[in-house]
Amino acid sequence: MAEKSAPAHDFAGLIDSLGRALGDARLAARAGELAAARAPDERLALARLTRLAEIGAPAVVTALGDAESASDLIFCLGSSEVIGDFFCIKGDRWLGEFQRAHSAGIASLEREIGAAFDVPKDRRTAAQTLAAFKRRVFVHISIADLLDRIEVSDTARLMSLLADVCIEHALKAARKIMGPRAAPAGDFCVLGMGKLGARELNLSSDIDLIYLYDSRDAKHGPVAAARLGELLTELLSAGCFRVDLRLRPGGRNATLVTSLDGALSFYQNYGQTWERAALLRARPVAGAVELGHRLIDELSRFVFRRYLDFDTLRQLRVMKRQIEAELRSPVLIERNLKLGRGGIRELEFIVQALELIYGGRDPRIRTEKTVDALQRLGANGYLPVERAQALARAYLLLRDVEHKLQVVAGLQTHTLPAEEESVRALAARMGFGKDDNAAARLFATLKKHRDLVASHFRDTLAGGDDAQPPRVTAAAEAAWRAARDPDAAVIYLDALGYSDPAGSVAHLEFLARGPAHAPASPRRRELLDRLGPVLLDEMTKLPDPDLALMNLASFIGAVGARTSFLALLEEHSATRRVLLRLFASSRHLSTLFIRHPDMLDTLVRSDLAQVRRSAVELHREIGEILAVCPDFESQLDALRAFRHQEFLRVAIADLSGELDLPAVEQELTTLAETVLHAALDLARAEVSTRHPVPAGLALCAIAMGRLGAAEMSYNSDLDLIFVFDHPGGAASGGREAASRIVQKLIAILESRTREGYAYKLDLRLRPSGNQGPLVASLDGFLQYHRESSAVWERQALIRARVIAGDQTLGEKVEAARTGFVYGRGLRDAEVAEIAAMRARMEQEIGAENQSQLNLKQGRGGLVDVEFLTQMLALRYGKDCEVHRQRATRRLIRALGDTGVLERGAAETLESDYRFLVRLENRLRIESDQPAWAVPTDPASLTPLARRMGFDGADSAHRLLDELQTRRARIRVLFDRTFATEGARGR
């Protein structure tokens, strides 16, 4: 837009008038130059400056004498009629007001708002006192805002603080005016709602209030409370703040003041989604604030549902459409910063929707403030961090523009101006300057931020009537229509490709009918009939459609066919696909969901969750979660819930192909270490509350097996050894205290609560095995491995790693481990001993038959690879540190790199081992038990083959052929290597 200056004759006339009022034409001309350069409205600036000069020229001469002060004064006068009018009212005291405001910052403004003042008992004088106080502070805040002395968030907070103080003084005045007649009202609280409740008040906002009382006087209490509310409203509305009471329980048709019991009854019986959203920002601001907090606390379950209430999205969407319908014109929708496209209300709806959906399960995201909520939603994984930050920037920009619109005349406007001159003035107030392109830059910036908000609003709240339903096959439609006719449904399920249609038909019927105790509402029936065929179709594309249907039916039976859950599945196709993939892949994870349906939010957030998480992130999160738990039992549940949710995150990423095998193992290892660290801290703290723990007691946990090698699989036990040290020695009470801590740790991890158990522990690898003490002293650990350590114990210690506890003690243990394992090589007889031990394991616990293969202990299984590589590590690790690898794949590569294994043989061995481990993971993810049995019959093997990526009718045969080929290759290398190494003559 091209800049339009004030008409030359107008502008010159205003300068002449100012010159006459000042008696100094040159000073007036200088003021004219400043107005042309800085004032958003040059004529307004010069007109108000002239009026001030007419009141008292010396003050204006003084103000214009300082270049910075003069420029800022003219900028403020040209920005706001309210500021100019206030100065004129102040007469010859205006300059002092400006100077105070000109130098004001956050601290001085807070002191000004908090300064004590007395409100007279006379009603008229009381109202005037409140209005004058509010107007003065409003002007000071406005000047600080215009001159960038404070941030936009500070402006909103200070205006909210100003409102809080005015309400408190008005309430005291009302009680003073009523005298003894106010007493029957009892406790009287003013709740701030909306932007006031969130401490985000505009420069010219209404204040949304709810009046709440609690009186023992059933006869006179309601009358006194109503009169108190009326008088309070009157005092505030007389030039102080505009009061809006429409958010009170029952709205316009209800009494002005609500009793606590009445408010609780209303919300619990008649409360709607919009009222839940409104209560997110409720805050007691004056009077008996403890009464307000009591209401908010008791309504917590109404506002924050324990289950994921995705029907909230539909209801918020309806509210938004109603708002747009009120705007009518597409032009107004675009120009309205609050209610229009990409505006403040859309952004608030995004935040409120996420808080309402997830806040019941995660108190960390509950907050009244919009920017704070965005930060928490990002920090806790409900929004991508970058998106949360971008939305916060958009919100602050929109609120800043809103302030700059309202500061002009003190009106509650949210609409961008249509006139070119007004647009130019807005750009200048916003700090974009007064050049020809200033308005274009402002609108480009606004468009970028509003487009972001509109896009995210569409992603979050759009759907329903706007969404295109997925296409379904005729067979799926027919199967769903026949769901209540088992004989017909069997035929259609068979046509769809379900392998056990006779067994699955009962699950389909249950899915269609729903739980007997919860008959379907019309909306639920409508959702089911749209969604049912989609589910049947999508399950046919999964590894085990029958398992998916069974688990989905069980889940519906556990949670009930909630409309909100069905709405989630319909509107969130990504969540639906993740859920069905999980149901088709794992009985264990499905059971986890069925027992804990509130974990559904982990699935919903799977597209937002970080695929990889560092140990630092996990430690911080579990620390924050445990810190807010009220008691030890809650901490046990929280620890398990955290473990289950993170376990689920890894499984979802694995099943969707976002994590490769090494990454899955590392994530599962990091999770186990995090939970163990937290559990050890809990155990020590809990023991110390009941028994003395000697000062200086050091305790550490040594991970063995796959945990030690950082190669955890699904549902692996934690193989651990515990070592303690104490300056006073084993007889000083250190062993007893350490044993108590470890026993408590075992209970923390293994005992079942309503959230299940965290991990199972295996302590059999400790010195002397099950016959030895639960916790070994450092001296005892060192002595045992110096004198009694067998070859298999050296072999087990290859993968040992200190993962929790005292760092200094851990370093001593690690140094000793290195010496025990690699202090000498391996004799030929010991090579033969390892081979013999492997043969016994195969014979005793690796048995196979025609119906199943043993993936771990069987011929050519995982143990072949582990024994082979560990034997070579013991053989050559003494002289070559590169062979001292804990992880099997790393050890294979090291052996190939150094020529101990021929490079091609090492690469083939690594590939074969990776295949076996991946197959084991696909077996283990299906149940909550270690699993090594691979079925050989095609019907049982086909789902596993599909999970491994083998498609087609012959998938089971191809998987079995590949498995047998790889196992045979591993055994050939095993036999050849042991034969060669056993004959070297060492």
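User: Is Asp148 buried or exposed?

Analyst: In this predicted model, Asp148 lies in the loop between α9 (123–146) and α10 (152–178). A residue counts as exposed when its relative accessible area is over 50%. Asp148 has a relative accessible area of 64%, so the term that applies to Asp148 is exposed.

User: What is the phi of Asp148?

Analyst: Most residues other than glycine have a negative phi. Asp148 is not a glycine, yet the phi of Asp148 is positive, at about 60 degrees.

User: Where does Ala710 lie?

Analyst: Ala710 is not a glycine, although its phi is positive, at about 60 degrees. As for its place in the chain, Ala710 is found in the loop between α36 (705–708) and β7 (718–725).

User: At what angle do helix α2 and helix α3 pack?

Analyst: Two packed helices are described by the angle between their axes and the distance between the axes. For helix α2 (residues 25–38) and helix α3 (residues 42–55), the axes are 9 Å apart. The crossing of α2 and α3 is right-handed. The angle at which α2 and α3 pack is about 145 degrees.

User: How many nonpolar residues does the contact of α2 with α3 have?

Analyst: On the side of α2, the residues are Ala31, Gly32, Ala35 and Ala36, and they meet Glu42, Leu46 and Leu49 in α3. By class, this contact of α2 with α3 has one polar and one charged residue, and the number of nonpolar residues is five.

User: Which hand does the crossing of α25 and α26 have?

Analyst: The axes of helix α25 (residues 486–496) and helix α26 (residues 501–513) come within 9 Å. These axes cross at roughly 115 degrees. The crossing of α25 and α26 is right-handed.

User: How many charged residues does the contact of α25 with α26 have?

Analyst: From α25, the contact is made by Pro486, Ala489, Val490, Leu493 and Asp494. From α26, the residues are Pro501, Ala502, Ser504, Val505, Leu508 and Glu509. By class, the contact of α25 with α26 has eight nonpolar residues and one polar residue, while the number of charged residues is two.

User: What kind of aromatic pair do Phe87 and Trp94 form?

Analyst: The structure holds 13 aromatic pairs. Phe87 is buried, with a relative accessible area of 0%, and Trp94 is buried at 1%. The rings of Phe87 and Trp94 lie 5.6 Å apart, centre to centre, with 40 degrees between the planes, and the pair is tilted.

User: Is Ala440 buried, partly exposed or exposed?

Analyst: Ala440 lies in helix α23 (residues 438–461). Buried means under 20% relative accessible area and exposed means over 50%, with partly exposed in between. Ala440 has a relative accessibility of 40%, so Ala440 counts as partly exposed.

User: How far apart in space are Tyr913 and Arg966, C-alpha to C-alpha?

Analyst: Tyr913 lies in helix α44 (residues 903–924) and is buried, with a relative accessible area of 1%. In sequence, Tyr913 and Arg966 are 53 residues apart. In space, the distance between Tyr913 and Arg966, C-alpha to C-alpha, is 8.5 Å.

Conventions: Residues numbered from 1 in each chain as written. Predicted model: local features only at pLDDT ≥ 70, side-chain atom pairs only at ≥ 80, totals over all residues. Heavy atoms only, no water. Axes fitted to C-alpha atoms, helices over the stretch in contact; angles between N-to-C directions. Helix = DSSP H or I, 4+ residues; strand = E, 2+ residues; numbered from the N terminus. Left-handed = near helix turned anticlockwise from the far one by under 90°. Contact = heavy atoms within 4.5 Å. Nonpolar A, V, L, I, M, F, W, Y, C, P; charged D, E, K, R; others polar. Phe/Tyr/Trp six-rings, centres within 6.5 Å; stacked < 30°, edge-to-face > 60°. Buried < 20%, exposed > 50% of the residue type's maximum accessible area, 1.4 Å probe, protein only.
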